[in-house]
Amino acid sequence: MGSKKKAAEEAAPQTDETSKAEQTQAAAGEQSEQTAEAPAKEQETAKQDLEKALENAVTNLAAKEKDYLYLRAEYDNFRRRSSKEKTDAYASAKTDAAVAFLPVYDNLQRALATPCQDEAFRKGVEMTMTQLKSVLEKLGITEIDCQGKPFDPKTQNAVMHIEDEAYGESVVVEVFQAGFMLGDKVVREAMVKVAN
């Protein structure tokens with residue numbers, strides 16, 4: 001009897017161990033099914049997260065590109081505006097310098113028109129006038145040629161009018177004060193006498 005009991009006791013732990021092993025295997029099987037389902041769900045979630053991140057990155061990139069294009073256009077406008085302002089400032093400075101010298105030009109012209117007995121003095125005035133004309137030409141300032149030509153109200157100021165059959169209609173017969181231009185811009189209008 002004692003040996004039967006011992007055998008039963010020995011068999012009982014084996015049965016318990018076997019059932020524990022079966023339970024562990026069953027639990028492992030369930031866990032592997034859950035584990036198989038879990039990565040699929042995680043992969044789907046990760047995929048959705050990546051798609052959202054990609055969508056956000058594309059949206060941000062489009063916004064940054066728009067900002068870049070706007071900034072680039074602003075810079076191009078600034079560069080053009082600065083260049084134009086620089087050119088205008090230079091032209092304005094040249095014009096101001098020329099205007100400051102024009103009274104000297106007028107006085108030298110009057111001096112040359114006045115009869116003079118001293119040839120050396122006259123030659124000195126002529127040389128000074130030649131030098132002043134050269135300086136004005138280097139600045140891009142040119143004299144308006146209007147003697148004997150049709151009157152142009154854009155570049156000339158008619159201060160006197162005569163009727164004379166010897167001249168055509170609206171012809172400049174005399175220049176009282178020379179006019180000057182810088183390119184297409186009038187620095188000073190010529191003061192003229194116009195016929196007919």
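In which helix is D106 found? In this predicted model, where local features need pLDDT of at least 70 and side-chain atom pairs count only at pLDDT 80 or more, totals for chains, interfaces and linings use all residues. Residues are numbered from 1 along each chain as its sequence is written, and side-chain values use heavy atoms, with hydrogens and water left out.

D106 sits in helix α1 (residues 2-113); helices (H or I, at least four residues) and strands (E, at least two) are DSSP runs numbered from the N terminus. With a relative accessible area of 7%, D106 is buried (buried means under 20%, exposed over 50%, partly exposed in between, with a 1.4 Å probe and protein chains only). The side chain of D106 makes a polar contact of 2.8 Å with that of R188, and another of 3.1 Å links the side chains of D106 and Q177. Such a contact is a pair of N or O atoms within 3.5 Å; within protein, one must be able to donate a hydrogen and the other to accept it, and residues adjacent in sequence count only if both atoms are side-chain atoms. Q177 itself belongs to strand β3 (residues 171-177).

Turning to charged pairs, the model holds 6 salt bridges, each a side-chain nitrogen of Lys or Arg within 4 Å of a carboxyl oxygen of Asp or Glu. One of them joins E174 and K193, with the closest N and O atoms 3.1 Å apart. Because E174 lies in strand β3 and K193 in strand β6 (residues 190-195), this pair ties together parts 19 residues apart in sequence. K193 is buried at 16% relative accessible area, whereas E174 is partly exposed at 33%.
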